[in-house]
Amino acid sequence: MTPFLQLRRGVIDLKGKSAAIWFLLLPTIIYLSVFIGYPLFKTFVMAMSGEERPFDTFYRMFHDQTFWNALKNTLFLTAVIVPIQLVLAIALALFINKKFRGYTFLLYLIIIPLALSDITAALMSYTMFSPMGYVNKILINLGAINKPIYFFGYMFKTREFWIVVLTEIWRATPLVFVIILAGLQSINKEYLEAADIFGFSRSQKLFKVVLPLLKPSIMSALLMRTLFAFQIFGVVWMLAGRDIPVLAGETYYQYTFLNDEKMAAAYSMIIAVITLIISYFYLTTLRSKHLEEGVR
Amino acid sequence: MARVRIENLKKYFGEVKALDGITLDIEDGEFLVLLGPSGCGKTTLLRSVSGLESVTSGKIFFNDKDVTNLQPKDRNISMVFQSYAVWPHMKVRDNIGYPMKIKGHSKEEIERRVNWAANMLNISELLDRYPSQLSGGQRQRVAVARAIVLNPAVLLMDEPLSNLDALLRVKMRSELKKLQEELGVTTIYVTHDQVEAMTMGDRIAVMNRGKLQQVGTASEIYHKPVNMFVAGFIGSPQMNFLRAKTVSDGTKAILKGHGVDIPISSDPGLEEVVVGIRPEHIGLGKGEVSFEATVFFIEKLMSSTIIHSTLEDGKEIVSMIPGDHEFKNGEKVTMSFSTEKIHLFDPKTERRIEI
Amino acid sequence: MLKKLFFWIAVILIAMWFLTPIVMIFLAAFTPAEDYYNPHKIIPSHLTFEHLYKLLFLLDGWKSIIISVEVALIAIGLSFLIGLPAGYAMARYKFKGKRAINLTILLTRSIPLIVVAVPLIVIYMKVGLSDTVLGVALAHTAMILPFVVLITSSIFSGISVEYEEAGMVFGLTHFQSFVKITLPLALPGLAASAIYSFIMSWNEVFVASILTLTNRTLPAHILNTAMASPDYFKFAAGVMMAVPAMIFIFFTRKYLISMWGISLK
């Protein structure tokens, strides 16, 4: 017999006071409209308005080579950092999930970077890679080099770039790791047991059972990380300044140093648009997460 | 102690009619069971009586007092939830005593009653433990103790035994029933298990699709089901339903279906009827109405044997014979039943026909 | 046998990978100036608190710590006050437009605060909120609020509604039942999310930098004086930022881990 009525467990009856629910929600809705909705709208307006004609600001921006550099750098950083983070996070999660003796200790170490700001992470890199940093000191004392290697500075943009990449990977991989590990643990053990019974090898289990079932978590982490990678600021600013312009950094620069509100707004609009596009994909693929069987 | 009167209760969730006009009178001190399949509305009805669910229209009275719009806390009720809902952050003793604490009773009074309730449920040794330290069955007893600590006007139970294992369930069935008899509290008990309903209920209200199908004692419902739903829902294995045509010569009538001829004393007045016969009322060998069937599956319960066989036209028929018997698949068996045990139903309305 | 060796090498490498930068910055922050500039001295001869001291008391470090704490506390208080009821409503009720609200909140979470910062400072200057603790706190509240709504919704969903209903049957109003039964059960999760929110506010640098000039939070202060100060001050500042956050995380690590959906069984 099919159930005539699906009981809605976990939901309290309204007693006709649906108004009460809106009381609970209204403060949040109002606050977000005022502090996010309105400024967002204003950014739009500011970016669009111009001295002579609308889109003047965008016109200037698109003709400024720095903008294209910033866009290029932001994209390039994202494209390099995110995949590496993903692979490392998956490897770490698989390793930790074996739950060997003392694994919790390692787990706690891994989540430490989550407490740190990007400024702090940048400073940590600086202690290691500055001319007076530990890497140079160790190499000099070992006699491997005579003068310090310069990792920072306009002339060493490429090295700066890779230090930024390294720092971001160190700082943000744990964020991905946490999502992947949760997803890994929610995979129904019976799928793995079935694979064992059917004689799957270790790598077959990994690639044909685990990773496909992990896909929702991977998508979720991937898109979220990409979203935040587009806002990369502190690490770049501290370690490379404007040697490596990025969108968020240029926003800050335009406002604080050039006092050009409109240009700053224009830059942040670009970030917003890209973010919204990514969020759209994030939310539509997140739906499928709930349809995937075997995942909580 | 209270009489409960439910008048034309309707509960709609948007378009869905969870309760479609329920009228029911429950005596003071009665153990009434709400029985039915998932989604029939029995839990919705219980929750409406509790006040956790508001009603779309209709009224509920406790002893002539209209409680329809009262909050649960003002109705003087108690409830045992399906998941027990024993508060995890309080000790057992505090769980049981909480209803009294809220109402401002004195510490001594609370302790006295808590000890009494714990004693009733045989959980006195568990009073200082936390729910997480208890088994499911123990937590269930705590939930019941909490429900009886302040004599409620009405005691509501929502499938309290469904999460217990089979042996424990049987034990708790009799314990709960004896407890209710001793306390004399009006109890409304929801279950989908007909064995629980038949053994525990003073009366049983069978529900389906938001409507009351039949309200009566176990005997009434078993022997005189008012429609095919109730007839098929009560009794396990399920009643056999055979379509038959009426052949009448004025005074006598024969119901012919699936190769079986059933003589009846008077004309039911319909061309086609549905004949119901319970498996336990079919016996081996020749009798008043005999037929031959081909066995295709046997279930050996040792105390009885359930035979699944087919009549000459392929219609499946189930019979339950006392004792342990051996039959081979494909074997032809002669079985029979008495016309005293048959039930007649109108094929269109599915309602019972009295002859 | 070889497998075990690889295993332990992996463990050590991972541990070192995560610990090294932390150890480095602590070491650097407590290294005396002479040793720092001495190319041949890696490990300092002695540890010193003088950088930390100067940073706190001579370079306004102490002031910005207090501002950071004030901002974080106001932001947490405000976002929980506003967001917790919303989280409860999302968890317990089904209603029209719930999907839309859920979507909007998720979307808000993904909008970078950067985008909001510039117009916000423009507005703030008109209403006199620029360069104030309250101004930054309000902005941080906007950042934390979506997170609070989502996480409290998840926390309350995890607490069976029957606990509340039992409370209501046995003598409590719905609100009382929420306060006396649901809240105590939700407390560990709420505490963990409060701490995580604190860390989010504490670490936030971009908005705090744009919205302030003299009343700067710690990270904003560091960002803007970074160029000017000698290295060891920067490291001392980094340590100052890291220590409270790390302490919090340490004490709530179990709750945080379960908040992210990881089980330790």
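Helix α6 of chain C (residues 113-127) holds 15 residues, which at 1.5 Å a residue should span 21 Å; its end C-alpha atoms lie 20 Å apart, which agrees. The expected span is 1.5 Å times one less than the number of residues, and helices (H or I, at least four residues) and strands (E, at least two) are DSSP runs numbered from the N terminus. The model is a predicted one, in which local features need pLDDT of at least 70 and side-chain atom pairs count only at pLDDT 80 or more, while totals for chains, interfaces and linings use all residues. Residues are numbered from 1 along each chain as its sequence is written, and chains are lettered from A and ligands numbered from 1 in the order in which they are written.

At P119(C), α6(C) bends by about 30°, the bend being the angle between axes fitted to the seven residues ending there and the seven starting there. P119(C) is also one of the buried residues of this helix, which include L113(C), I114(C), I121(C) and Y124(C). A residue is buried if 20 or more other C-beta atoms, placed from the backbone, lie within 10 Å of its own. After α6(C) comes G128(C), with a positive phi near 80°.

Chain C also meets chain A: 72 residues of chain C are in contact with 71 residues of chain A, contact meaning that C-beta atoms placed from the backbone lie within 7 Å. Among the elements giving two or more residues to the chain A side are α1 (18-48), α7 (157-185) and α12 (261-291) of chain A. The largest share, 15 residues, comes from α1(A). By residue type, this side of chain A divides into 49 nonpolar, 18 polar and four charged. Here Ala, Val, Leu, Ile, Met, Phe, Trp, Tyr, Cys and Pro count as nonpolar, Asp, Glu, Lys and Arg as charged, and the others, Gly among them, as polar.

Chain B is assigned domain 1 (4-233) and domain 2 (240-353), with bounds from an automatic or database domain assignment. The C-alpha centres of these two domains of chain B lie 39 Å apart. Six residues of domain 1 of chain B are in contact with eight residues of domain 2 of chain B; the domain 1 side divides into five nonpolar, one polar and no charged.

Chain B also contains an open sheet of five strands, ordered β15-β19-β16-β17-β18, with antiparallel pairing. Two strands pair if DSSP finds at least two bridges between them. β15 (283-284) and β18 (316-322) of chain B stand at the edges with a single partner strand each, so one side of each is left without a neighbour in the sheet. β15(B) pairs with β19 (residues 332-337) of chain B over two bridges, and G283(B) has S336(B) of β19(B) as its bridge partner.

Note on methods:
Contact = placed C-beta atoms within 7 Å. Buried ≥ 20, exposed ≤ 12 C-beta atoms within 10 Å, placed from the backbone.
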